[in-house]
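User: I would like a close look at a single part of this model. Please give one connected account of it.

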Amino acid sequence: MSVNLSKGQGISLQKSDGGTLAAVRMGLGWRSAPRRGLFGRRTNEIDLDASAVLFAGQTPVDVVFFQHLISDDGSVRHTGDNRVGGAGQGGDDEAILVDLSRVPVHIDQIVFTVNSFTGQSFAEVQDAFCRLVDETTGQELARYTLTGGGQYTAQVMSKVHRAGNGWSMTAIGEPANGRTFQDLVPAMLPHL
Amino acid sequence: MTAELVRGQNHPLDRTRVEIRISAGGPVMAGVTLGDDQGRLSGTDAVAHPGAPCRTGVEVPRQAASEHRIAVDLDAVADTVHRVSVLLALPATVSSLTGFGAAAAPRVAVTGLDGTPLAGYSITGLGAETAVVAVELYRRQGAWKVRAVGQGYADGLAAMLRDQGLPQAAELAAEIEEAVGLGRARAVPSPVAAGRAEQPTAAPPVPEGPAPASPAPDASAPSAPAHGGDRVDYRHPRRRTAPAPAPAAAPEGPKIPEAPDGPQTPVAGDAAGWSMDERLYNQVWGMFEDLARSVAAYRSACSFAESRLEQELDQALADPRNRLGSAAAAARAAARDRHAALVTQARAALDRDLTQLTAESEVVEPALPPAFARWDSPVWQGHHAPQEPPMAVRLGDLHLPEVLDLRIPMLVRLPLERGLWIDSGPSSYAWQADPGREFGRRELGSALTEGPPDEAVLGRLALDTAVAVAARLLAAHPVGDFALQVIDPGGTAAPALAPLLETGALREPPAPGAQGVARTLEALIRRVDLVQMAVRNRAADSLPPDVDTAQQLLIVHDFPHGFDDRAVNQLRYLADEGPAVGVHLLIVADRAQSQEYGPVLDPLWRSLLRLTPVPDAHLADPWVGHAWTYEPALAPQGSPIVRQVLSRLAQARPAERH
């Protein structure tokens with residue numbers, strides 16, 4: 001059962017059968033800007049970016065984003081930068097895959113963020129959402145609707161963190177402003 | 001066209017009457033089982049073994065020997081038979097070996113009746129196993145294929161037969177052992193059975209019952225009585241020996257005695273690709289990346305643990321409440337414990353990955369084709385010039401200080417995009433400074449043992465490395481597709497180059513002096529220019545006949561000795577323009593000696609791939625940027641393999657020319 005979250009809402013999730021998560025995917029989708037008539041090339045494209053920041057305690061250790069697609073240890077992979085968006089039909093335009101069983105032992109939290117690289121606020125982007133999917137079952141764990149999210153250009157979306165022997169996920173949904181994940185680090189720190 | 005199979009690989013058979021030739025490092029017993037589509041045996045009469053050598057469509061030798069020929073007529077076997085497995089076993093009565101690992105790897109070749117090779121397979125990686133399923137011929141959609149199996153059984157023949165679903169496995173195994181013992185007693189010096197198997201067409205499909213010429217009884221008879229043998233059978237003729245284990249084991253499903261050590265057993269060639277070479281290449285690069293990332297995770301965890309420890313110790317010191325009493329000591333101890341716990345955890349994760357990668361490396365390494373294999377690999381023994389150039393060659397091994405015994409083959413794509421530079425300069429090595437290099441030096445199996453290497457030894461090693469690389473490139477290309485040129489103005493490389501000269505790989509000794517340098521460079525530049533022109537104008541046919549279109553490897557020794565400014569510029573031209581038209585550089589040089597040229601040569605050095613004749617940590621991987629210790633691919637000291645390979649190429653050469 002997917003939890004539909006609104007801005008700022010936080011909720012703790014465990015896998016429904018009580019087990020722990022083994023692999024999760026953070027998906028991000030949005031509808032591309034409407035194409036201009038004659039010089040379609042000059043359409044003001046909308047570029048949203050998904051990033052994952054790997055923390056050991058309070059220290060950011062590694063980050064996976066469009067310029068560093070695979071974490072050094074290979075456990076977190078970004079499927080590649082999409083700079084224009086998609087059809088807005090609910091498919092993921094960018095995705096970050098996390099193989100939780102291979103995450104290095106000292107990494108205890110992974111924070112997912114979304115930001116608008118081209119600067120449009122979420123109020124201007126249509127059909128934008130981000131979601132977390134349990135990759136082993138394909139089940140959607142949480143979904144945020146970003147559209148209409150106000151004059152924000154970024155969101156700290158959620159984190160997965162170690163709990164006991166396994167992992168669990170907490171939704172954060174904290175709106176923020178920033179062009180890349182670097183601008184969001186101050187917004188992330190209170191949630192660690 | 002013969003196919004060299006690796007474990008698990010299959011190959012279609014274009015005929016149904018085949019011969020299976022087996023050669024092993026000692027006397028082995030050969031047998032054949034006829035299984036149904038599930039691979040299960042219907043009974044003891046589905047096994048052809050020395051006690052009952054003839055079954056419908058197959059005939060196996062009666063004795064244990066180190067060479068066997070088994071005739072198989074796949075048209076004649078019953079329709080219910082879907083799997084014909086060839087098995088080898090070490091009979092306890094005959095063989096002194098305790099396992100297949102104690103002798104040379106058995107080799108199986110599937111040939112036509114006229115001896116045309118169809119497929120070959122060397123069963124490598126065996127240890128204490130005393131029985132092994134070597135290959136199986138199986139029916140797939142009406143056609144027959146051969147698959148390299150190589151499944152060993154440490155518990156011997158009985159375990160193997162039980163695995164194929166035979167309830168009377170233990171009895172049959174005992175019976176086979178006995179028959180082998182008899183066969184040995186009966187044996188005359190010349191192997192009769194092998195001679196008979198040479199006329200497999202004459203071997204009629206014998207229906208049921210004992211073969212006419214066979215004095216051994218059918219397998220369904222209780223046990224083979226001792227006739228004519230010099231061993232007396234003390235067993236009761238009607239009483240079975242060891243009847244107990246078979247029924248107990250029967251209900252179990254097929255089990256593999258070599259328990260897989262991880263979640264999945266690694267298989268050679270387990271990667272995407274169009275050909276086996278490409279699959280192995282991709283697999284090796286996959287292992288390279290996985291090792292780089294696993295070690296990155298470990299290092300990152302360790303350094304985090306380290307920094308956290310420091311932080312916590314600082315905190316413990318800074319806290320004024322801790323000034324008195326034992327609280328500070330307790331805090332420090334707690335911090336150290338946390339550090340140790342994290343490092344232990346990280347090491348455990350690394351070890352888990354390493355176990356998997358080591359197991360993979362153990363199956364991949366023996367499966368590598370010559371171009372990818374180490375010089376001590378058995379594939380070089382039977383090497384012959386290939387039909388087409390390989391996609392890559394191995395230039396050496398890479399390893400990290402955390403894992404000294406896991407060597408990743410350093411495979412470089414062909415044609416080489418960059419020239420190679422073998423650094424013979426002692427000044428390049430900071431021998432005392434880096435403990436990582438100490439490892440390297442101790443492991444080195446060649447001339448250097450203790451103390452910093454002296455220049456002469458290093459120079460010679462650099463040349464040996466160059467010769468090994470050149471020989472490998474020559475051997476990896478079809479005959480006549482790759483040629484060597486050497487620039488050695490001082491003539492000092494002659495002893496090291498001797499193998500190349502004597503086998504004709506190098507057509508003439510390098511011309512001495514500056515004129516020699518100039519002439520060789522002129523000729524190569526002319527070739528580069530002409531080929532470039534021909535490529536640009538798509539006029540490959542109009543090249544003058546004296547232009548050698550084979551790829552050229554130019555070995556430059558003693559650079560810049562004998563070079564004037566003009567020659568240096570020509571060399572740089574070759575380094576820039578050559579690779580695109582098949583002229584490659586291999587410079588053996590000490591960079592310090594060309595210092596008088598100043599920074600002018602820096603771009604040249606940077607454009608070359610630096611290799612070292614001794615292990616040295618100077619190569620970075622493309623993912624994480626670890627410093628990997630490179631170790632050159634040299635033949636084991638005193639091994640004649642490089643020369644052997646070169647002389648085999650020399651034999652192939654004239655045959656190809658005419």
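Leaving aside its neighbours within four places in sequence, which residues is B:Ala470 in contact with?

Analyst: In this predicted model, B:Ala470 is in contact with B:Leu484, B:Leu500, B:Leu553, B:Ile555 and B:Leu586, once its neighbours within four places in sequence are set aside. B:Ala470 also belongs to the largest nonpolar core, which has 216 residues; together with A:Ala52 and B:Leu586, B:Ala470 touches the most other members. In soluble globular proteins, nonpolar side chains tend to be buried together.

The surrounding elements place these contacts in context. Helix α8 of chain B spans residues 455–476 and lies across β15, β16, β17 (551–559), β18 (583–589) and β19 of chain B. Relative to β18(B), helix α8(B) runs at about 160°.

The five strands form an open sheet in chain B, with parallel pairing and the order β16-β17-β18-β15-β19. Strands β16 (482–487) and β19 (609–611) of chain B stand at the edges; each has a single partner strand, so one side of each is left without a neighbour in the sheet. On average, neighbouring strands of this sheet are turned by 20° against each other, direction ignored.

Within β19(B), B:Leu609 stands opposite B:Leu420.

As for the relation between the chains, nine residues of chain A are in contact with 13 residues of chain B. On the chain A side, the residues divide into four nonpolar, three polar and two charged.

Conventions
Residues numbered from 1 in each chain as written. Chains lettered and ligands numbered in written order. Predicted model: local features only at pLDDT ≥ 70, side-chain atom pairs only at ≥ 80, totals over all residues. Pairing = 2+ DSSP bridges. Helix = DSSP H or I, 4+ residues; strand = E, 2+ residues; numbered from the N terminus. Axes fitted to C-alpha atoms, helices over the stretch in contact; angles between N-to-C directions. Contact = placed C-beta atoms within 7 Å. Core = buried A, V, L, I, M, F, W, Y, C linked by C-beta atoms within 7 Å. Buried ≥ 20, exposed ≤ 12 C-beta atoms within 10 Å, placed from the backbone. Nonpolar A, V, L, I, M, F, W, Y, C, P; charged D, E, K, R; others polar.
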